[in-house]
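User: I would like to learn how to read the parts of a structure and the places where they touch. Could you take me through an example?

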There are 2 protein chains.
Amino acid sequence: MSRTADRSAQGETLSRAVWDVLSGQGLERLTVRAVAAAAGCTTGLVMHRFPNRQALLLHARQLLHEVTRARVEALEERAATPRSVLRAILHQGMALDEQTRQEAIVWMGFLAAAVADEQLIEEHRRNNRAWRERVERLTAAAAPEWTSERVAAVALALIAMAEGVAAYAAADPEAFPPDAQERMLDTALAAYGLADPRAGAD
Amino acid sequence: MSRTADRSAQGETLSRAVWDVLSGQGLERLTVRAVAAAAGCTTGLVMHRFPNRQALLLHARQLLHEVTRARVEALEERAATPRSVLRAILHQGMALDEQTRQEAIVWMGFLAAAVADEQLIEEHRRNNRAWRERVERLTAAAAPEWTSERVAAVALALIAMAEGVAAYAAADPEAFPPDAQERMLDTALAAYGLADPRAGAD
DNA sequence: GTGTTACGGTAACAGCTGTTACGGATAGGG
DNA sequence: CCCTATCCGTAACAGCTGTTACCGTAACAC
């Protein structure tokens, strides 16, 4: 690792190394040395950048959230209707290719690590609540006539479904291929009356 | 641990100790010594019962599957209609009380451990495929007029939703209380046209 | 060009890990 | 009552863990 790289860039490099180890070797092998090796440096740099392993994981977790949030907001700005936004952001949360599959594994690894880490579980809760509120807001915009109870129930059904199928597909991509996930999503949106009438019109 | 206990009972005791450590302390602290302490014995007994740590985890994973399967089949025999069976077995897969919440955490811990364990991931895939086939079979029985494509899409939506909400609720029970999960389930079943007309009739 | 400072690699530390070897205790057969 | 086989707790082992201390070195100020 170059000596002149600024601190935040190093933090990002190390966090991405955390993701790589987490998705490739799992939580049990997520050691400081493995992260350093994945980042192409030694444990010395890692421990100079972060006070301890816990802070390293927390930073990697927060960066994952930040990256995801930026991607979702970009989708939200680009899409035309609330319904197409809703579909797009649920779509990006599933495990449809190698990259999103690894993200799902990383996501799950952090969740498993959070069982024994108060700061990680707090971060996880904050992110998940924000995520649910975002989907509730979009659901309400996509179906303005609904009661808030129905909005809440359907939004929860949608985020749970996306999260769940990502876990299934991450662990068994052959059994849960991308087209099956997409059919599932479109079937669900249609069943709730949230299908985008513009879909496939172009 | 009593000396005269037979081997399979000891295996079950140790496997339950694995679950306890996994749900209480997380995968990172799931050591042979922690399992022995939770079972009230020493590492000597653990290593005499299982050749190594991997075999211990695999047995605990298989027993979890077996227990779940027995519970689901009991529900299936007891319920009156395919639709009530479907609701009942999805219901038992969510995190509605402390016990099911801990089961969800254990489930997730095994999934995270499976990233680095070929046998665990194989076991996981086998179980998940059997679980999906069961729900597909019940869905087809509950809606005989559907095409197999719709059955597959809806069944996947249902199991993914249950798995996902269990993960959300396990990590944040206050934000995802039992009644929210149940409203979500009933809203989803109604949306797919799978609501049980007998529900609430008694 | 020289002094200073911060960066990061090296090596060490104590503690914990899975696993193995050993030895004492115990139950059952003669 | 003794002999033996089985069970399992104890203790040790090498290897790996997070963390710390140390020191060479490169970059910058003057």
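Analyst: Domain bounds come from an automatic or database domain assignment, and here chain A is divided into domain 1 (1-51) and domain 2 (54-191). This is a predicted model, in which local features need pLDDT of at least 70 and side-chain atom pairs count only at pLDDT 80 or more, while totals for chains, interfaces and linings use all residues. Residues are numbered from 1 along each chain as its sequence is written, and chains are lettered from A and ligands numbered from 1 in the order in which they are written.

User: How many residues of chain A and of chain B take part in their contact?

Analyst: Two residues are in contact if their C-beta atoms, placed from the backbone, lie within 7 Å. By that rule, 42 residues from chain A and 42 residues from chain B take part. On the side of chain A that touches chain B, the largest share, 14 residues, comes from α8(A), where a helix is a DSSP run (H or I, at least four residues) numbered from the N terminus.

User: Where is B:Asn127 found, and why is B:Asn127 classed as buried, partly exposed or exposed?

Analyst: A residue is buried if 20 or more other C-beta atoms, placed from the backbone, lie within 10 Å of its own, exposed if 12 or fewer, and partly exposed in between. B:Asn127 belongs to helix α7 (residues 118-142) of chain B, and B:Asn127 is partly exposed because 19 other C-beta atoms lie within 10 Å. Although B:Asn127 and B:Arg69 are 58 residues apart in sequence, their C-alpha atoms are 9.4 Å apart in space.

How values were computed: Helices (H or I, at least four residues) and strands (E, at least two) are DSSP runs, numbered from the N terminus.
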